[in-house]
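Me: I am new to this structure. Please walk me through its aromatic rings.

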Amino acid sequence: GTRVNSDFKRSSALARVGWRLDESSSLYGSIRWIDAEKGIPFHTTEPAGFVNFARFPEWRQATLALGYERQLRGGGELRAQLFGLGFENTLDVYTDPELENLRLESEFSDRVYGGYVLGEWQLGAAHRLGAALHLRRDRHTKTERYPDGTTDPSERYLAWTSSAAVEDRWRVGARTSLVGSLAVEGLELREAQTYRSVGGEDELTDDPLTSETLMSPQLELQHQLGQSWFASAAAYRRARFPTMRQLYGTHPPNPGLRPQETTGVDIGVSWTARSMSFRANVFSDRVHDLISRQGRNEPYRNQDEAEFRGIELRADGSVGLLDFGVSWTGLDSRFTRSSEGMEEVPFVPEHQIELLGVIRLGQRIDLRATWLASGDRVYYDRGVKRTLDSYHLLGLGLAGRPGQFELSLQIDNLLDEHVEQEDGFPQPEQRS
């Protein structure tokens with residue numbers, strides 16, 4: 001994980017330019033550059049993975065995108081994008097907390113290329129069709145460099161991911177709509193090597209190559225209860241591949257991770273007025289082969305079966321000069337079967353509150369505030385369940401619009417909370 005407030009320094013730039021081709025279509029291009037130096041929380045009693053004292057003296061990322069948008073006749077829309085991402089960083093590992101005695105330098109390099117096409121078509125007064133295609137190529141390498149100048153390649157993989165999805169919406173009555181969707185995802189691992197001990201010797205070893213396809217169908221019924229009230233009920237099956245980091249980014253890696261599969265139901269009600277909206281959902285999910293880990297120093301593993309049950313409440317609106325959004329999620333997550341003897345799912349909060357507020361101080365100046373409050377979570381330390389305290393992330397910003405420009409000042413994590421992001425962990429099966 002990366003500590004949210006671990007940037008020692010960070011500079012970034014974003015540029016975006018658009019061309020309007022005609023009244024209904026446009027092209028755009030964007031480029032973003034990030035250059036940062038990051039820290040990792042020190043662990044004096046036990047290593048974080050295999051690291052006690054470390055920092056990222058170099059953490060660089062560049063993203064380039066070229067897109068096309070077109071409004072179709074009858075209310076349809078077409079969007080397409082090609083993108084590329086380059087990621088380079090260096091992790092320096094030391095033997096002392098003063099970061100003076102270098103033990104190891106790890107160099108990471110990632111290249112990601114891909115594209116997608118999204119479309120929606122209004123086929124009649126009661127029929128709307130949507131479709132999406134996506135293709136992505138990931139290449140990753142990691143090289144260990146030692147103080148004596150020797151190097152060892154320790155990770156290599158090349159993966160292709162693809163997806164195709166379709167959503168069909170029919171109005172089956174004056175107030176009722178039926179929505180069906182199907183997503184098909186594919187993962188092809190063409191090259192995979194990790195550095196590990198084989199026969200008592202450490203060497204770069206070939207991992208099993210895989211090629212799999214997953215299907216995720218959903219059926220939803222929507223009904224208008226009154227002028228401002230709506231209800232919905234959905235049943236779904238969702239499948240998800242492990243991320244590349246979950247497969248190879250931990251110590252030790254676990255290239256044998258299997259996809260996780262979720263089946264669930266969701267029932268919701270919503271209310272919409274001119275300046276206010278409200279939505280409430282209850283859901284219940286059963287997850288097979290849940291991808292999880294006991295703690296931050298453990299590899300990801302497939303757990304047998306878990307249940308997620310919860311409720312979501314969300315309200316958005318405007319009152320005078322204030323625009324706001326507030327949401328609350330209560331969640332009960334437990335293993336029904338776990339080969340490692342765990343009861344609660346690690347790192348999943350019991351509840352979470354999110355608040356966004358924007359106060360218009362004038363025609364060209366806004367005051368913005370964000371607040372995230374997360375409840376208690378658990379993790380397991382050598383099989384013993386321990387509790388992580390709740391935390392609050394508070395942000396405050398000011399935005400001004402002189403002429404055709406917007407200038408903003410944003411301060412994140414005002415309370416200086418020390419938290420970490422659990423990379424790739426499946427969020428509660430929220431539909432909002």
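**Aromatic rings**

Me: How many aromatic pairs does the structure hold?
Reply: This is a predicted model. Ring centres must lie within 6.5 Å to pair. The number of aromatic pairs in the structure is 2.

Me: What kind of aromatic pair do W59 and F87 form?
Reply: Their rings lie 5.0 Å centre to centre, with 85 degrees between the planes. Planes over 60 degrees apart count as edge-to-face. The pair of W59 and F87 is therefore edge-to-face.

Me: How many residues apart are W59 and F87?
Reply: W59 is in strand 3, residues 53-71. F87 is in strand 4, residues 77-94. The pair links distant parts of the chain, and the separation is 28 residues.

Me: Is W59 buried or exposed?
Reply: Buried means under 20% relative accessible area. F87 falls in that class, and W59 is likewise buried.

Me: What kind of aromatic pair do W229 and W271 form?
Reply: The centres are 6.4 Å apart, and the planes make 45 degrees. Stacked needs under 30 degrees and edge-to-face over 60.

Me: Which strands hold W229 and W271?
Reply: The pair ties together parts that are 42 residues apart in sequence. That is because W229 lies in strand 11 and W271 in strand 12.

Me: Which ring does the charged end of R238 sit over?
Reply: The charged end lies 3.9 Å from the ring centre. The ring belongs to Y236.

How values were computed:
Residues numbered from 1 in each chain as written. Predicted model: local features only at pLDDT ≥ 70, side-chain atom pairs only at ≥ 80, totals over all residues. Heavy atoms only, no water. Phe/Tyr/Trp six-rings, centres within 6.5 Å; stacked < 30°, edge-to-face > 60°. Helix = DSSP H or I, 4+ residues; strand = E, 2+ residues; numbered from the N terminus. Buried < 20%, exposed > 50% of the residue type's maximum accessible area, 1.4 Å probe, protein only. Lys NZ or Arg CZ within 6 Å of the ring centre and 35° of its normal.
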